[in-house]
Amino acid sequence: MEESKIKEELGDVKKTEDEPIQISYNFRCALCNVNEKVHYKGTTPPFSRNIVLKYPSYIMKDPFSPPGKGEILVLGADCSVCDRPVCVSKHCSLFFVKTFCLDCAKTSIHTFPIEIKNKVVQLREK
Amino acid sequence: MRRSPRPRKRSEYKRRRSRSQSHDRDRHKIKKRSPSASSSQQTETELFSFVNYKRELNKIILYSCESNVVANNLDDFWVFLKKYETMLQKSGKPILDYQYQTQSDSEGENKFSKYDCINFTTSIKFVDVVVDDKRRRKLDKMMFQVFLNIISIYIDFKNKEKFEKLKKLRLAQKDLPVAKYRSEIVSAVQNERVVVVAGDTGCGKSTQVPQYLHDAGFQNIACTQPRRIACISLSKRVAYEMLTQFDTKVGYQIRFEKSRTADTKICFITEGLLLRQMSSENLPNYDVIILDEIHERHLMGDFLLGVLKCLIHSRDDIKLVLMSATINIKLFEDYFSAESAAVIQVPGRLYPIELNYKPIFIEEKPTRDDRLDPQPYVQIMQLIDNKYPSDERGDLLIFMSGVQEITAICDAAQQYAEKSKSWIVLPLHSGLSLLEQDKVFDYPPEGVRKCIVSTNIAETSVTIDGIRFVVDSGKVKEMSYDSTTKMQRLKEFWISQASADQRKGRAGRTGPGVCYRIYSEQQYSEMDPFSTPEVSRVPLASLLLLMSSLGVSDVRRFPFLDAPPEDSVENALLELKQHGALTSNEKLTSLGRALANLPVEVSLAKALVVGSATLPPHKRDSALALTAALGIRSIYTTRAHRDFECENARKPEESDHGDPITLLSLYCAWLTVKAEERGGKAWCKRRGIEEQRLYELTKLAAQLRSLLQDNNLMETMEPETMSSAERALRHGQMKHLKDMRRQYKQKASEDLKRKKRLKMDSWEIVDSNKDDEDNALDIRDIEFRMTNDAKRIQSLISGASASSGRDLIMLKVVLCRALYPQVAVADEFNHFKSISEQLYHTWSKPFVFLHPTSYFGKSPRVLQLTEADIQTEVPVGYKSKLPLSAKHQILCYLSLLETTKPYIVNSMRMPAAQTLMLLAHTIDTNMGFTRIVCDSWLLLEFPYPETGLNLLFKAAKLRQRWEALINRRLEDANPTKSVESELKKSKHMSYDELQYELSCDISAYMNSEVYYTLKRLLLGDLKVMYVGNEEPHCAIDPNPFEEGFECHPHEKKGGIYITDNIVFNCVVDTEWSYNSYEETYSVPWTCSSCEISLCLSPIERLQHKYFTCSSKVEKKEEAPKEARQNRPNAKEFKCEICNETLYMTPVEILKHKKGCKNTNS
């Protein structure tokens, strides 16, 4: 319990240190050209303490909710194969443990479980 | 029955921390667990729902963290969770699916878990929660883990939702017609000084261009809007699109409020405010100024164009972007041809519109041809019903010229709607309450169309979506202004072609539409191509004053887009000179500078400046409230004067002094209601008052106060210190109010999401709806109470009330001084006429009526003399048909307005002679001060000797003292420090004393009882009224009216000026006045102080009193010394008879000697 408290406090300190710097990344989806400025890239966005991502992503503070509420908006991530940034739209990327751009996912579709395969096929039909 | 959770949990825990555990053990475990889970737990899972643990889980969520997606949307989350659980149940999957816990780490290609498709994990810590319900399974960590997974799914779901929202937003932006011109616009602005972007409604220029420029690196962008509402809504929209709706990167600034901060990069601002920013030295450091909607040709917009045209020559760091509809682009292009403006045309997004001309033919017209016939309009509704299936959506918008026409059409359309059951009829005009106006945005039920009957407000100001049919009457009611009579005229005109096309275009905003024109194509071709710009049809005084204060040296040469009519400019300049805002050679005076800073019309601004100089500090609020009340739009709703109940309810607050005072007392009564926290909405409704206007009044008054304080024209009052108990009370109150505001905002945003559905019978039962709203939160009330605490309201009430006595008189005189020469006299035959036929005459416009809704319009008898008021025993020799009375009254009015007849609007009664003598610009008198002409318009005859003189003399002295007080106030406001002025200051009496004495004297003067007749002079009368300049006139020396004033003859009328305003001895005498003069001269007069008896003319008597009278000399020793310099021919003289040492001119000495002899002999 205590350990976690300390950690939380540490997190707090970190947060306040991070804020004035305000590094922003430019995120542009390689497939659909969605183009936005994001506040963070990684798995533990400093502005939202209880959300942790499994795979490093481009994250912005949620523009649709008041600031300081810890809400985030994940826009996308770099494809784990080709390293291109892709957005979270199902027409651009696929998440299965990691992020795959749809191009890479299609080329190596056989390596995914059957459920994912079906998904990709469905998308293609559309 | 549960498999020992402890060890399992630990292993699971470990696994979560270190992801590379051996797979074998996991798989083994699964296999071992699976069968038991499926058999024994199946029954449980069917019943199991996390909903049963809602309380505990909520506790954990809220305890573990202050804020996250779930905690912020708990209700929404639980809805999601329920749906999710039912979905699982339907597909036969267990809710407590522990499988994932074990599978998640196995990256085996063939094993699939939907949790692997989710990027999110949540790190909420499990907390043991005591459960009272023993029968229920205790919430354990395992279950919680499953719960967390659901949370992750929820977050993922939300994220997708938001992402789609973002994508949709970007797509919509990209889809706008203007988007294709983005780079063209940006590079044009970067390379040119002036860029014109022309695009029709819906092309997106207002929202996108500021963003393009911001993205291109411009740091401080101002974007003007003609309307306040547009500023707010645009700033909200643009902030949303830039994903900065929660910070202040995009802001707005309007008359009463701003959201602009140091961070603001894009600011939407009203045209008037930007102009005022330019007049103050600290124009914010804009790098781009965008003028939007310049095709509307508003006064301020036109002027701003001229100012900016000049500005960019002196400031090469400012870019100018002009945005207009595709109306008359050539005009703007030519106007900026010297600056070689780049023009970019963006096609609008308009669907095809089918155009039908449906003129009314003469033979179809009913016999009473002055009445509007609604049939053609109803026929079109029928036609739509027949031609277009009711399941095809699309509403109807009818353009009419004015409120009466709208009501007529609405009544007829409503009758039809009741029969056909397929229409909801809604009126739309600016006289409606905001709530009623908002109805036009609500949705009709399925199969029913809205029929909106509107003024030209819906042409550009209000945009209603979903309009498919437009009916255009081709008429508009527009204000025009006659600058010579200062009368505004509301007249019906044919619209312009540009306007007609704009109206037509409203049908094609959301899909293909149909437009019906109730006139012929021929008629269309005869219309003016463009509407008359405002600059040619409104009063220009305020604008010219603003121009002067901005440093425009010659307003006549200002580069207007369209030059205003010459006489309109000249008359406005004359008005400003009359107000003392400009000198005779058109330089701005210090009064003028003070007036230019106040955002109300010139006369009202003057009332403020005069009021703050004259009224005692605690009564200045009354002047503020009064001017604010007259400066805003009418507080009355359309019902106010039609509904007998409303009229009755207002009765107690009505003042027989007139409309301005009634307004003030209504405002005070409302404040009292507010102070007692009795709401106010119902109170207003019962009286037919729009409460919104009263809030505006309060805000305007506060704004004016702070402007006066900024300009040093009013002292900043120290806030009264609060006791700790009071402070605590106020603190609690504020907290409560803030809570309420938050609630309101939340509710408002919810309401916005689900737009209100119209009821079929909404027309009928408007009232019952309104009662519900009374109980609802009233944001304006909340905000009012946040800015005004109880003490503040109390001081507002006590400051604003001026119900009787000196305060009222002073307030009236102040207002009257500001409004002068806007006064009217009654027609002499009013006695014999009915209420509605009461005629009045103003200086510039004879034969005007009292507005039927005004106080005197309803009870004109207050203004008439009663039998008792009229003096029947006239002095010997005096003959006149006119009534001799001390109770003559004139009306002082705010404005003239011609609708069906010319009307006086907002009038107040004043005692005639006293007001005129105090305020008239020129006063002409005869030898004996018995016949006095004011402003070459009104003749006052004072048959009792000396009464006229005494009154005029008092008035002249008061006028000087008052003038001096105002000038001192203005000087102190902009002090030029010097030894001289500092020394002078120490000698001055304090303001308080001066104000007190002046107000005592003025109110005594206003109440003085003098008998006179009042006659309006016609041109013929004026021809024989003056002596003419043939005879030379001797100077009055010494001059008792104004010591040291150098008398000079008047070139035309004859006679001589004895003050700036009074011309002595230029009015011809009649038989009685000559006799009366002779009589006064021949009968010896005894001075009341020194008891000398002399034969003196009235003015000589004054001279004696003020310069030669012995008692005077003793009392005021300093006086003669000063006087000596002014009268070179005067000497000291010791009268041997009365043994007095006097200081007199030779003529006076002779007269004195004669008088002394007379008394002695």
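Guide: Helices (H or I, at least four residues) and strands (E, at least two) are DSSP runs, numbered from the N terminus. This is a predicted model, in which local features need pLDDT of at least 70 and side-chain atom pairs count only at pLDDT 80 or more, while totals for chains, interfaces and linings use all residues. Residues are numbered from 1 along each chain as its sequence is written, chains are lettered from A and ligands numbered from 1 in the order in which they are written, and side-chain values use heavy atoms, with hydrogens and water left out.

Visitor: What makes F144(B) and F147(B) about one helical turn apart?

Guide: Both belong to helix 8 (residues 141-175) of chain B, where they are 3 residues apart.

Visitor: How many aromatic pairs does the structure hold over all chains?

Guide: The total is 32. One of them joins F27(A) and Y58(A), with 4.8 Å centre to centre and 45° between the planes.

Visitor: Why is the pair of F27(A) and Y58(A) called tilted?

Guide: Rings of Phe, Tyr and Trp (its six-membered ring) pair if their centres lie within 6.5 Å; planes under 30 degrees apart count as stacked, over 60 as edge-to-face and the rest as tilted. The 4.8 Å and 45° of F27(A) and Y58(A) therefore give a tilted pair. The pair links distant parts of the chain, with F27(A) in strand 1 (residues 25-28) and Y58(A) in strand 5 (residues 57-61) of chain A, 31 residues apart.

Visitor: How do you know whether F27(A) and Y58(A) are buried or exposed?

Guide: Buried means under 20% relative accessible area, exposed over 50%, and partly exposed in between (1.4 Å probe, protein chains only). F27(A) has 0%, so it is buried, and Y58(A), at 8%, is buried too.

Visitor: What makes F144(B) and F147(B) a tilted pair?

Guide: Their ring centres are 5.9 Å apart and their planes stand at 35°, so the pair is tilted. F144(B) is buried at 1%, as is F147(B) at 0%. Both also belong to one aromatic cluster, whose members include W78(B) and Y154(B).

Visitor: Why is K165(B) said to sit over the ring of F64(A)?

Guide: A charge sits over a ring if NZ of Lys or CZ of Arg is within 6 Å of the ring centre and within 35 degrees of the ring normal. The charged end of K165(B) is 4.3 Å from the ring centre of F64(A). K901(B) likewise lies over the face of F849(B), at 4.4 Å.

Visitor: How do you know that strand 23 of chain B pairs with strand 24 of chain B?

Guide: Two strands pair if DSSP finds at least two bridges between them. Strand 23 (residues 931-934) and strand 24 of chain B run antiparallel and are joined by 4 bridges, so they pair.
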